4 protein chains.
Amino acid sequence: MSRNIQVSRLDRAAVEDQDVEIVERKGIGHPDSISDGIAESVSRALSRLYLDRVGKVLHYNTDETQLVAGNAAPAFGGGEVVEPIYILIVGRATKEYDGQHLPVDSTALAAAREYLAEAIPELEYGTDVIVDVKLGEGSGDLQDVFGEEEAQVPMANDTSFGVGHAPLTETERIVHDAERELNTTYHADHPELGPDVKIMGKREGDRIDITVAAAMVDRYVDGFEAYDDAVESVREFVTDLARDRTDREVNVDVNTADDYDEGSIYLTVTGTSAEQGDDGSVGRGNRANGLITPNRPMSMEATSGKNPVNHIGKIYNLLSTEIAESVAAEVDGIRDLQVRLLSQIGRPIDEPHVADAQVVTEDGVDLDDVEDEIVAIVDAELADVTGVTRRVIEGDVSTF
Amino acid sequence: MSRNIQVSRLDRAAVEDQDVEIVERKGIGHPDSISDGIAESVSRALSRLYLDRVGKVLHYNTDETQLVAGNAAPAFGGGEVVEPIYILIVGRATKEYDGQHLPVDSTALAAAREYLAEAIPELEYGTDVIVDVKLGEGSGDLQDVFGEEEAQVPMANDTSFGVGHAPLTETERIVHDAERELNTTYHADHPELGPDVKIMGKREGDRIDITVAAAMVDRYVDGFEAYDDAVESVREFVTDLARDRTDREVNVDVNTADDYDEGSIYLTVTGTSAEQGDDGSVGRGNRANGLITPNRPMSMEATSGKNPVNHIGKIYNLLSTEIAESVAAEVDGIRDLQVRLLSQIGRPIDEPHVADAQVVTEDGVDLDDVEDEIVAIVDAELADVTGVTRRVIEGDVSTF
Amino acid sequence: MSRNIQVSRLDRAAVEDQDVEIVERKGIGHPDSISDGIAESVSRALSRLYLDRVGKVLHYNTDETQLVAGNAAPAFGGGEVVEPIYILIVGRATKEYDGQHLPVDSTALAAAREYLAEAIPELEYGTDVIVDVKLGEGSGDLQDVFGEEEAQVPMANDTSFGVGHAPLTETERIVHDAERELNTTYHADHPELGPDVKIMGKREGDRIDITVAAAMVDRYVDGFEAYDDAVESVREFVTDLARDRTDREVNVDVNTADDYDEGSIYLTVTGTSAEQGDDGSVGRGNRANGLITPNRPMSMEATSGKNPVNHIGKIYNLLSTEIAESVAAEVDGIRDLQVRLLSQIGRPIDEPHVADAQVVTEDGVDLDDVEDEIVAIVDAELADVTGVTRRVIEGDVSTF
Amino acid sequence: MSRNIQVSRLDRAAVEDQDVEIVERKGIGHPDSISDGIAESVSRALSRLYLDRVGKVLHYNTDETQLVAGNAAPAFGGGEVVEPIYILIVGRATKEYDGQHLPVDSTALAAAREYLAEAIPELEYGTDVIVDVKLGEGSGDLQDVFGEEEAQVPMANDTSFGVGHAPLTETERIVHDAERELNTTYHADHPELGPDVKIMGKREGDRIDITVAAAMVDRYVDGFEAYDDAVESVREFVTDLARDRTDREVNVDVNTADDYDEGSIYLTVTGTSAEQGDDGSVGRGNRANGLITPNRPMSMEATSGKNPVNHIGKIYNLLSTEIAESVAAEVDGIRDLQVRLLSQIGRPIDEPHVADAQVVTEDGVDLDDVEDEIVAIVDAELADVTGVTRRVIEGDVSTF
């Protein structure tokens with residue numbers, strides 16, 4: 001088998017060199033990200049359940065979690081959730097196999113509970129949030145066609161498209177890392193910062209504006225002054241982080257919609273705006289690389305919650321991103337890279353109809369010089385397509 | 001004020017002397033009792049919330065919890081719940097008072113969670129059981145008419161009826177106590193016995209047949225022999241208990257529907273049949289005295305979940321039972337007693353339209369000899385009608 | 001086979017001769033009755049579906065419909081429902097038989113929709129009321145044991161109890177007929193009267209008080225005067241109806257809680273209090289004979305929605321009522337009659353463990369003179385026990 | 001006021017000139033489109049309700065409808081839905097204004113019912129599909145700040161981004177028009193074609209492959225031959241339509257996943273795959289211009305269901321598309337055009353922070369020659385920003 005891999009010059013300027021760039025990342029506590037996170041947790045848990053019970057991943061798809069916002073009364077020192085958030089896990093799953101009933105509903109609910117405990121620890125399960133589940137049986141035809149003990153490469157059953165990019169621009173890097181760092185290292189020392197951190201980056205020429213909306217947790221904030229300190233602390237942290245990643249002019253704003261005179265600030269009981277009026281659902285937020293990048297082609301496919309064994313959209317979105325990152329990491333002289341994979345119905349998914357890598361090289365680098373290297377990497381990654389499935393099931397790959 | 005209290009001869013034989021007597025008690029793990037228990041827990045929690053926040057009990061009514069059964073796969077040594085039980089808390093509550101939002105949904109959910117943890121400890125919250133809530137705002141007119149700091153006697157706003165009996169017959173006593181003892185002292189030493197214990201007593205003349213349906217918990221039962229021992233142990237315990245309470249002939253059967261050859265036994269994962277096909281709702285099981293007694297007049301009113309401050313049906317059912325028990329305890333020579341209270345719209349509830357005590361005296365006792373004593377007790381209990389409300393809120397009165 | 005049928009003297013006064021009598025009937029538009037009506041409609045529809053598709057009635061049970069009240073803004077000349085009523089159909093049903101998928105959910109929903117259109121015609125389906133459904137699969141063991149082409153008499157699988165009475169007392173007759181006539185002949189000429197008519201009868205000695213709570217439909221009532229006329233018209237109609245049925249003193253009150261000065265009247269958009277704060281569920285209202293009669297023994301079993309092929313509680317409640325009515329109609333000299341049926345596990349249901357008829361004869365009639373006649377009727381009715389099932393499925397028997 | 005409008009050369013090849021182009025349109029019967037359509041219908045209905053009752057559009061947002069697929073048993077000549085589709089309308093709305101209760105739930109449900117009747121006529125409301133609603137109260141702060149009688153330009157309250165393109169490429173035009181024509185003129189003569197038509201277009205160089213997945217409605221198809229005819233008829237229709245719009249090589253495939261030998265064909269009862277396993281939600285399908293175009297920048301914002309008075313994402317997505325279309329229609333020599341609008345918090349939305357038009361001109365046309373014309377059109381459209389709101393409310397603008 002020889003794969004049809006094309007390498008060509010990208011017919012636009014590198015995003016880093018465009019005049020205006022817009023980037024966004026919804027943090028893990030954003031209602032859309034909560035939905036993504038639950039959907040993907042449920043997917044992982046079902047994969048494991050099936051592997052554990054019947055030795056292969058049966059048909060399922062859980063990419064439709066719907067979050068209905070609650071109502072809360074935050075207050076300095078600690079308020080309360082007044083009406084709980086309602087989360088409905090939606091999808092299909094195989095509930096019976098070979099005469100054995102499989103606890104898909106209970107497994108899905110357990111996965112959601114665990115995910116919430118980890119991602120939104122201030123949210124009390126069962127009172128601040130109700131989790132319900134509607135998993136249908138799915139199409140009978142597809143009940144048992146997927147996944148065998150030895151990892152075979154499945155056939156594409158749909159025309160689907162994945163796209164990945166690398167390297168990240170400075171603005172993308174800042175937006176991505178700021179959320180990741182705020183929600184990990186920074187949060188460890190600053191419990192007042194909730195997980196619902198939304199970061200918008202805008203670059204015009206050489207000026208980067210970073211706008212952070214950061215939900216503060218009321219029980220760690222005892223008044224306006226403390227709140228103001230908390231906001232300023234986030235601003236400084238993000239500013240430092242950004243300056244480590246760019247020499248451009250950087251300006252950081254945090255919670256710009258606050259109006260202290262009106263007493264209108266971004267204070268929450270649980271650290272997520274889902275407690276008060278912000279609904280969420282899967283596939284509406286970050287793409288597979290963790291960002292929303294209108295300057296770049298994006299797939300509309302929701303990646304979170306899809307079956308990682310045979311859903312081509314999921315696999316190709318994750319794989320094209322991995323390929324792009326590998327190429328950018330290993331090949332010198334790449335300023336911007338876009339990898340596209342397009343499936344062909346009826347062919348193994350490691351033999352896509354189109355696999356192309358479009359490149360903007362750095363000044364002085366000729367595409368011909370790097371083409372072979374790129375082809376080799378793309379080829380190797382495609383050959384290991386089932387590795388994506390494995391890593392997804394093991395939880396080593398983030399989907400949003 | 002002088003209350004209109006009548007004492008008369010009951011125009012039938014004492015139940016103890018009737019030819020055939022039927023009595024039933026659904027244990028606390030029965031799906032109808034779970035619904036009753038949650039409804040009453042939610043009611044208590046809302047009463048306390050209102051007292052705590054606004055100093056009086058606002059309008060609410062939560063007497064409609066619906067339980068939708070799950071699906072389970074019990075197995076010796078420990079099986080699993082496959083589809084969770086779904087419980088919907090239904091009712092009305094005041095959600096806003098004097099500009100303050102009151103967390104009625106969260107409070108109701110917390111109460112249900114705590115109740116389940118105590119009553120059905122094997123049931124894992126959030127995976128074995130989903131609890132959802134639909135509490136409407138209720139009628140605007142009634143929003144704030146109830147309960148003031150000093151306990152005033154409310155006016156009757158409905159024609160409602162309560163009836164109580166005492167003393168319990170031997171059969172009633174056995175049925176009642178058997179469930180209570182099995183679910184407390186016996187269970188302490190026998191974790192294999194689940195809380196879903198349903199007891200039916202039938203007396204024909206001087207023979208009492210007790211039929212027990214007892215859900216066994218699979219993880220404490222490792223095989224048929226252990227199951228058989230568990231059943232036999234319950235049978236012996238109930239037989240001993242019954243013989244302590246009667247000199248009549250007693251016969252006890254446990255899990256008579258079992259068919260060992262078919263492998264059909266009453267084995268459960270969680271100790272309640274709600275896990276597998278048995279739905280439940282409020283007001284369908286035990287009456288306010290904890291029993292179902294077709295030989296005696298019964299009120300159809302659901303007692304559990306009703307507002308204890310102003311719901312006459314609830315108050316009169318509990319109060320008539322308390323009055324009957326007081327009279328039977330304090331007055332000698334009473335073989336059977338039935339107390340009826342009927343409200344009169346627009347009058348304080350301590351002045352019922354009808355308050356009558358109908359009595360079967362023991363041989364040699366004349367009704368005239370005890371009438372004054374009875375009237376005095378009825379009068380005193382009516383005078384303390386708000387005590388019922390207080391005891392209900394404090395959780396000192398069982399409603400099912 | 002010779003059935004064990006006992007006839008004895010009832011050890012109490014005839015209800016007609018007791019001092020105080022209380023009777024209640026919730027009209028078809030009452031939230032509990034709506035729940036009963038839907039549950040029974042769904043049951044009938046499933047029975048027919050199974051007969052139509054597989055030639056026998058498969059396992060099901062739909063006796064748990066829960067109604068969550070809505071919110072409405074009635075207004076003279078026509079108001080609107082603001083928040084819809086939510087109805088959840090709950091139960092178990094066999095969804096697959098012999099490889100064939102059976103549309104039990106759609107059938108249940110269609111039955112509910114048709115029932116509502118007929119019973120509460122002012123209620124607009126889908127906007128004034130949402131109907132949802134949760135029908136589980138039920139216990140696998142029971143999947144296909146019920147009902148064969150030729151109507152066999154099933155075995156009792158539970159200890160269950162049914163009780164019936166006849167003839168109705170005057171008060172019972174008035175309460176029952178008043179609701180039936182108001183909701184049929186009267187309504188035909190008076191569209192302003194909604195189906196939620198609740199009637200309470202209280203007799204003390206020879207005085208009968210009838211209290212009617214009648215929901216008026218706002219679009220047929222253009223002001224207070226029209227409302228007052230509507231109320232007075234109901235009062236007159238019920239008064240006349242009562243006087244046709246008794247020579248006792250009769251007093252009729254309609255909508256006594258109205259307070260014209262406060263503008264508080266019983267005006268509705270749809271003719272049922274379910275639109276505004278009154279929840280409902282199955283088995284909480286009328287017993288199988290259409291009445292709530294605390295003076296008489298009652299079964300707690302919900303009759304509506306149960307499977308009519310094999311649910312002994314349902315069959316025995318309906319059958320005992322039919323037997324009592326037959327005896328009272330055909331045998332002269334019966335003042336009060338109570339028929340009890342008690343099942344015996346493992347025996348055909350036409351051979352109850354206990355079948356007794358307890359009688360109060362009229363003055364001058366000796367029990368011995370009518371005993372044989374009574375036994376013959378009881379025997380014949382028991383022999384035709386499957387006729388109850390057939391009539392229930394055909395919709396010829398009312399269950400509430 | 002002078003708006004900051006920039007016109008520049010687009011730094012890439014026109015999409016029409018790129019090597020590979022991918023385009024997709026989900027037809028109105030696709031589960032994601034059903035969700036979009038209901039969300040937008042509900043939004044329009046709420047806008048009208050508010051205008052009708054209080055003279056201005058109050059705060060609401062209904063962009064989260066979740067569709068849970070049903071289960072169906074299609075059959076030649078007519079099958080049936082076995083388990084209904086469940087649709088949950090999610091969002092926030094103002095339910096009370098100036099003491100007046102507003103029927104937002106009932107209005108939302110009525111809008112959904114009407115939309116479904118029109119868009120998916122074979123779907124029987126209430127049995128094939130259950131529609132439920134959860135509309136929260138939303139944030140109190142925002143209750144009444146939007147929309148006054150005279151259309152004022154609102155302030156931007158968020159940083160949001162909209163992007164529009166014109167003219168459509170040949171492939172885009174074919175994909176778009178094929179669905180529109182199939183679902184209107186073609187359907188009028190071919191009732192067997194259901195509304196769930198999904199069209200994927202792929203162009204490589206000068207070859208265009210169109211793949212159509214078309215749900216056939218079983219009651220109009222009496223066997224395999226009729227089905228095959230129906231598929232072939234769609235193929236011919238789309239082929240002709242495509243050839244009218246391009247001189248490139250065109251290849252059309254319809255229902256390529258069919259396998260006649262296995263009896264696996266795309267036959268449905270209701271004309272939508274939502275009846276069998278395909279869930280759907282808002283904002284996962286077509287962008288505001290009706291297409292999914294990975295070759296072009298896209299906004300992740302869901303447009304359907306958002307409040308058209310003040311949701312900047314919705315307004316800017318629709319407006320940028322309208323601007324692009326106006327420019328392409330009125331200015332000669334434009335080969336590809338991309339219009340971007342970026343809001344600035346606290347400024348009127350007709351004064352965006354960035355409004356740029358990036359252009360690929362046709363050969364021989366100089367950007368300078370058309371710049372003024374473009375600026376004038378952009379300026380005029382921005383000046384009429386409230387016109388977008390009006391057209392959305394009147395239903396003149398499609399959002400998906």
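Guide: A side-chain nitrogen of Lys or Arg that lies within 4 Å of a carboxyl oxygen of Asp or Glu forms what is called a salt bridge. The structure above is a predicted model, in which local features need pLDDT of at least 70, side-chain atom pairs count only at pLDDT 80 or more, and totals for chains, interfaces and linings use all residues. Residues are numbered from 1 along each chain as its sequence is written, chains are lettered from A and ligands numbered from 1 in the order in which they are written, and side-chain values use heavy atoms, with hydrogens and water left out.

Visitor: Why is the meeting of Arg284(B) and Asp63(C) called a salt bridge?

Guide: The side chains of these two residues approach to 2.6 Å, N to O. The limit is 4 Å, and therefore the pair qualifies. Between chain C and chain B the count is six salt bridges. The interface of chain A and chain D likewise holds six, and there Asp63(A) meets Arg284(D) at 2.7 Å, N to O.

Visitor: Which strands supply at least two residues of the side of chain C that touches chain B?

Guide: They are β2 (20–26), β4 (66–68), β7 (85–93), β12 (193–204), β16 (280–281) and β17 (334–342) of chain C. The strand β7(C) gives the most, with five residues. Strands here are DSSP runs (E, at least two residues), numbered from the N terminus.

Visitor: What makes chain C and chain B count as being in contact?

Guide: Contact means heavy atoms within 4.5 Å, and 60 residues from chain C and 60 residues from chain B take part. By comparison, chain A and chain C do not touch, their nearest C-alpha atoms being 11 Å apart. Chain B and chain D do not touch either, and their nearest C-alpha atoms are also 11 Å apart.

Visitor: How much area is buried between chain C and chain B?

Guide: The value is about 4500 Å², of which carbon and sulfur atoms give 53%. On the side of chain C, Glu64(C), Arg284(C) and Met300(C) lose the most area to chain B, together 17% of what that side buries. Buried area is the accessible area (1.4 Å probe) that two parts lose on being put together, summed over both. Chain A and chain D bury about 4400 Å². In that case Glu64(A), Arg284(A) and Met300(A) lose the most on the side of chain A, together 18% of what it buries.

Visitor: How do you know how chain C and chain B are related by rotation?

Guide: Superposition is by least squares on the C-alpha atoms of residues with pLDDT of at least 70 in both copies. A rotation of 180° with 0.0 Å of shift along its axis places chain C on chain B, with RMSD 0.0 Å. The two copies are thus related as by a two-fold rotation axis. Within chain C, the residue closest to this axis is Arg12(C), at 2.0 Å (C-alpha).

Visitor: What shows which surface the copies use to meet?

Guide: Of the interface residues of chain C, 100% are also interface residues in chain B, so the copies meet through the same surface.

Note on methods:
Helices (H or I, at least four residues) and strands (E, at least two) are DSSP runs, numbered from the N terminus.
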